[in-house]
Amino acid sequence: MVLRIVINKEGKKFLVKDTSQDLHTQYGFLKKEDLKKKSGSKLVSNTGKEFSIFDARFIDLYRKIKRGAQIIPLKDIGLIISETGISKKSKVLDSGSGSGATTCFLANIVKEVISYEIREDFFKIVEKNIKNLGLKNVKLKHKDIYLGISEKNLDLIVLDLPEPWKVIEHAAISLKPGAFLVSYSPTIPQVMDFVDAIRKNEKFSYLKTSEIIEREWEVESRKVRPRSQAIGHSGFLSFVRKI
Ligand code: SAH
């Protein structure tokens, strides 16, 4: 079944999972018959509020994935994609899978993603998220990546692990020459140990470590200013290349 999105002019959005029932919102309810209308149709709730309906896209479903472990936010995933230039031809490994957020986002744009997760409870969450997003190009493995990587000829390895330096030797064997290794860590001591180990390893060249700070703005008539909510910290991204 195709899931659908109902949205109003203010961007308030609802996922329609079941078109055999009316959809209740804080703006009134929408009749089940209306939820089957073709994409782009205008809908009106019982209280007179206007909505539009369309088939859900990847990003609509992605934002609803089930979460176990802390995910890599979109602002950081954006930099991983742009700095490495991965594409529909790329074969990528992601570990730990965590909630599967990174794995699924990458799977939507590359050829194949292999994903390693050590914890069974998280593995099950990722399995479910992959299925709900309808992704067919993910090989999810219940494995400890510190013990080794079975795949070869990879174009990118993304690490979101407590001790990423334990993967460097395995990555050297599994990455193609010129391919990328990206390590995401929330704390600076992890970055220090990772970069230090990379600098000592002759199979890699260190590119850079970055932090992305995204500042959302409020644009409301003449009240145009950064949103007042505090900017939370996510992590640092270290970029490395196999030579
Ligand atoms: N990037 C993920 C979140 C990863 S959280 C996302 O966007 O959803 C870190 C994950 O690494 C946790 O689920 C943890 O269980 C897993 N992990 C820790 N050590 C591991 C290891 N040695 N091998 C595989 N997975 C590991």
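The buried residues of helix α6 pack against α5 (168-174), β11 (175-185), β12 (204-210) and β15 (236-242), where contact means heavy atoms within 4.5 Å, and where helices (H or I, at least four residues) and strands (E, at least two) are DSSP runs, numbered from the N terminus. This is a predicted model, in which local features need pLDDT of at least 70 and side-chain atom pairs count only at pLDDT 80 or more, while totals for chains, interfaces and linings use all residues. Residues are numbered from 1 along each chain as its sequence is written, and side-chain values use heavy atoms, with hydrogens and water left out.

The residues of α6 that are buried are Gln190, Val191, Phe194, Val195 and Ile198; buried means under 20% relative accessible area, exposed over 50%, and partly exposed in between, with a 1.4 Å probe and protein chains only. Seen down the axis of α6, these buried residues fall within an arc of 120°, so they line one face of the helix, the arc being that of the directions from the helix axis to the C-beta atoms. An α-helix has 3.6 residues a turn, so residues three or four places apart point the same way. On the face of α6 turned away from the buried side are the exposed residues Met192, Arg199 and Lys200. The helix runs over residues 188-200, and its 13 residues, at 1.5 Å a residue, should span 18 Å, which agrees with the 18 Å between its end C-alpha atoms; the expected span is 1.5 Å times one less than the number of residues.

Pro164 is placed in the loop between β10 (154-159) and α5, and at 0% relative accessibility Pro164 counts as buried. Although Pro164 and Phe239 are 75 residues apart along the chain, their C-alpha atoms are separated by 12 Å.

Strand β8 (residues 112-117) is also mostly covered, with six of its six residues buried. In a regular strand the side chains alternate between the two faces of the sheet. In β8 both faces are covered, with Glu112, Ile114 and Tyr116 buried on one side and Val113, Ser115 and Glu117 buried on the other. Strand β7 (residues 91-95) pairs with β8 in the parallel sense over five bridges, and two strands pair if DSSP finds at least two bridges between them. Within this pairing, Val92 stands opposite Val113 in β8.

Elsewhere, four strands form an open sheet in the order β2-β1-β6-β5, with antiparallel pairing. At the edges stand β2 (13-16) and β5 (42-44), each with a single partner strand, so one side of each is left without a neighbour in the sheet. Strands β1 (residues 4-7) and β6 (residues 50-55) pair in the antiparallel sense over four bridges, and Ile7 stands opposite Ser52 in β6.

Turning to the whole protein, the domain assignment gives domain 1 (4-56) and domain 2 (65-242), with bounds that come from an automatic or database domain assignment. The C-alpha centres of domain 1 and domain 2 lie 35 Å apart, and the C-alpha trace of the protein spans about 65 × 45 × 30 Å along its principal axes. The secondary structure comes to six helices and 15 strands, and 48% of the 243 residues count as buried.
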